[in-house]
Every structure is written in structure tokens, then in C-alpha cells.
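The sequence and the structure are shown first, and the description follows.

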Amino acid sequence: MSTMKAARLFGAKDTRVVEEERPRPGPGQMLLKVKAVAICPSDVRLWEDGHAGGTYPDHPFVQGHEFSGLVEELGPGVDGPPPGTPVAVTPLWPCGKCDLCLDGMDNICRNMPFPSFPQADGAMAEYFAVPASAVAPMPEGMDFIQAALLEPLQAAVHGVGLAGLQPGWTVAVVGAGIIGLNVLQVARACGATKLFAADPIEQNRALALQVGALEAVPYASDLAQLLPDVTSQPRVVFECSGHPAALHQSMDLCRAGGQVVILGVPHPDVIDFDTRAPRRKELHFVFSRRYRARDLHTAIELIRDGKVNLGLYPVRTYPLEKAAEAMQAAYRREPGILRVVVTME
Ligand SMILES: [Zn+2]
Ligand SMILES: [Zn+2]
């Protein structure tokens with residue numbers, strides 16, 4: 001029996017590295033030798049609580065859905081890419097058969113096992129079996145950490161796509177963490193000419209300016225002061241922070257007839273808001289949920305064409321043996337570190 005190391009979550013804040021049997025690729029799957037797993041804030045929240053919004057895991061499970069690796073072995077019925085190929089992976093594994101998948105909304109598939117959420121193991125292990133349809137060869141020059149960071153890029157591709165962005169539009173991003181920074185880069189690639197950003201963390205503001213924001217200020221309310229002329233307000237505000245106050249400020253900042261695209265996961269879950277301004281301005285609200293399967297390929301094209309650069313983002317790496325420390329580090333949310341990444345030799 002071949003074995004491997006895997007980082008399993010045994011309960012709230014209890015990640016342990018265990019030795020266990022190495023998985024075999026089933027029909028339509030391939031086994032990956034995992035090389036990098038970035039820790040998402042959603043992983044941290046689950047690690048902190050020990051459950052996902054009241055869904056408790058039925059076994060100690062493996063976290064991690066932002067990952068990349070090398071093809072190790074092809075399962076029955078899979079004819080490539082060959083073993084040894086470096087690949088990026090989308091963790092979106094839709095059924096392809098439900099009404100939503102058939103309508104092209106596979107991001108909200110009704111029968112989706114999302115890896116790393118309770119009941120479905122994720123990637124923080126030496127080997128991980130994935131559907132062959134979920135992988136794409138990494139382009140020349142991309143490293144495994146950047147390939148893992150394609151997951152939050154897919155989220156930005158989807159969110160910007162929902163906005164139907166047109167060249168020349170003014171947009172604002174509230175919350176310039178990795179998703180917000182990716183939204184800035186993707187919006188710029190789609191032709192948005194005036195980009196604004198708000199984030200209370202100084203390092204994030206500096207990165208926002210680096211990726212094309214004209215101004216970066218601590219809060220969305222500061223942007224409203226910067227753009228006193230109502231005709232110059234952003235047509236789209238991307239709310240990427242999840243803070244109730246930021247959502248309110250996004251509504252105030254958005255131009256009449258514009259859209260607020262919500263990529264941040266609101267925390268707390270229930271938020272009250274003043275309906276007057278959004279009603280009078282006839283604002284559109286759209287919640288952005290994950291991304292679609294095809295967005296992996298769009299994300300790769302954006303990198304390959306030099307329109308998005310993920311190499312700018314500061315990360316901190318830990319080896320798999322130190323997965324528990326890595327989770328602690330991600331939980332501490334050190335300013336300026338956009339992702340903690342577990343890497344494997
Ligand atoms: Zn994620
Ligand atoms: Zn489906």
C-alpha cells in the first residue's frame with residue numbers, strides 16, 4: 001500500500017498531519033501530486049468554527065480548494081495530459097446535468113461536491129484525485145503558487161462578467177484583498193478606464209495602485225468624497241470585503257442606475273440596510289457565487305496575455321508538515337500577506 005501525508009481538520013482549530021493511504025484515480029479522474037495549496041478565508045472560517053454555516057463534517061476532512069500540481073497518474077478513460085505535466089485546477093466540479101448546469105450556470109449547480117467543504121475532501125495532501133475535466137496545463141512561466149492563485153482570479157473573472165462591463169466605464173472596488181485586486185486587473189483588461197479602490201490596509205492600497213487604480217483610499221466613503229460630482233460616480237461598485245458598512249458605502253458610492261456586485265461573503269449573514277438611496281437610484285444588486293467551469297481557461301488566458309499579474313502578490317509559504325501553523329498564520333491575517341500557501345516538495 002502506498003501512503004501519503006494529509007492535513008486533516010479534526011475539529012475547530014485542530015489541523016493534524018496524518019499518514020494515510022494514497023488515493024487512486026477513479027474513472028474520468030486523474031491523480032495529482034499536489035504542489036501548492038493556498039488558504040482561502042473560507043477555509044479559515046471553517047477551521048475556526050469547525051463547521052460551515054451549520055453544516056458539520058462527518059469525518060476529519062482535508063481543507064484546501066486553491067491548488068495546483070503535477071499529473072501523477074491517469075484514471076480509466078482519461079487520455080491526457082501525460083504524467084509529469086504541471087496543471088492548474090478548478091475546484092468547480094458541476095454535474096453538467098441539472099437545470100442550472102444546462103442553463104449555463106454551473107457555478108450554482110444543484111449537485112456539486114465542492115472540495116474542502118464538509119463531506120468532500122480538499123487538496124491539502126501529497127496526492128489528490130480530481131476530475132480530468134477540471135485541470136488545464138499551466139502556461140509557460142507560471143509557477144505552482146501562481147497556479148493555485150488562479151482560483152481567486154476565476155472568482156474575479158466571474159464577478160466582472162456579471163457586471164457586463166463596457167470599455168470606458170468607471171468602476172470602484174471596495175476591499176482590495178486578493179479578490180478585489182484581481183477584480184481591478186480583470187476590469188482593466190475589459191476596458192474599464194477609471195479604477196478606484198478602497199481598503200483600510202495600507203499594503204493593499206499600494207498594490208491596488210500598482211495594478212492600475214487611480215486612487216486608493218481607506219474607505220468607500222472616502223471615495224464618495226473624492227468623486228463629489230454624481231455624474232462621475234462609478235457605474236459598477238464591486239464589494240469584495242463582506243463588511244456591512246462597506247456594503248452601505250458601496251450603495252452610496254454607486255452612480256444612479258449602476259450596479260453593486262457583491263463578491264465578499266457578508267459577515268454577519270444578516271444585514272439591515274437603508275433602502276432609500278438604492279431605491280431612488282434604482283441600483284442593481286447581484287451576488288457573485290464562485291465562478292463557472294470555463295473561467296479557469298479565461299483566467300489562464302489573462303495571465304498568458306500579460307493582462308493580469310499574480311506574481312505581485314505577497315504570500316507566505318509553509319511546508320505540508322507545518323499545515324497547522326499555516327492555518328494559524330492565515331487566521332492571524334497579517335497585513336500585507338495576501339495568501340498563506342502550503343507547498344509540497
Ligand atoms: Zn477560495
Ligand atoms: Zn449541475
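## Helix 1 and helix 11

The axes of helix 1 (residues 41–49) and helix 11 come within 10 Å of each other and cross at roughly 105°. Helix 1 is therefore roughly perpendicular to helix 11, a term for angles of 65 to 115 degrees. Axes are lines fitted to C-alpha atoms, for helices over the stretch in contact, and angles run from 0 to 180 degrees between N-to-C directions. Helix 1 contributes V44, W47 and E48 to the contact, and helix 11 contributes M327, A330 and Y331; residues are in contact if their C-beta atoms, placed from the backbone, lie within 7 Å. Five of these residues are nonpolar, none is polar and one is charged. Here Ala, Val, Leu, Ile, Met, Phe, Trp, Tyr, Cys and Pro count as nonpolar, Asp, Glu, Lys and Arg as charged, and the others, Gly among them, as polar.

The model is predicted: local features need pLDDT of at least 70, side-chain atom pairs count only at pLDDT 80 or more, and totals for chains, interfaces and linings use all residues. Residues are numbered from 1 along each chain as its sequence is written, while chains are lettered from A and ligands numbered from 1 in the order in which they are written.

## The protein as a whole

The secondary structure comes to 11 helices and 16 strands; helices (H or I, at least four residues) and strands (E, at least two) are DSSP runs, numbered from the N terminus. The radius of gyration, taken over C-alpha atoms, is 20 Å, close to the 20 Å that the globule rule gives for 345 residues, so the protein is as compact as a globular protein of that length. That rule is 2.2 Å times the number of residues to the power 0.38. Along its principal axes the C-alpha trace spans about 70 × 40 × 40 Å.

Eight bridges link strand 1 (residues 3–11) to strand 2.

## Backbone features in loops

Two residues other than glycine have positive phi values, as the table shows.

| Residue | Phi | C-beta neighbours inside 10 Å |
|---|---|---|
| E282 | about 45° | 9 neighbours |
| R290 | near 50° | 21 neighbours |

E282, in the loop between helix 9 and strand 14, counts as exposed. R290, in the loop between strand 14 and helix 10 (295–304), counts as buried. A residue is buried if 20 or more other C-beta atoms, placed from the backbone, lie within 10 Å of its own, exposed if 12 or fewer, and partly exposed in between.

The peptide bond from G80 to P81 is cis, with omega near -5°.

Conventions
Pairing = 2+ DSSP bridges. Parallel < 35°, antiparallel > 145°, perpendicular 65-115°, else oblique. Contact = placed C-beta atoms within 7 Å.
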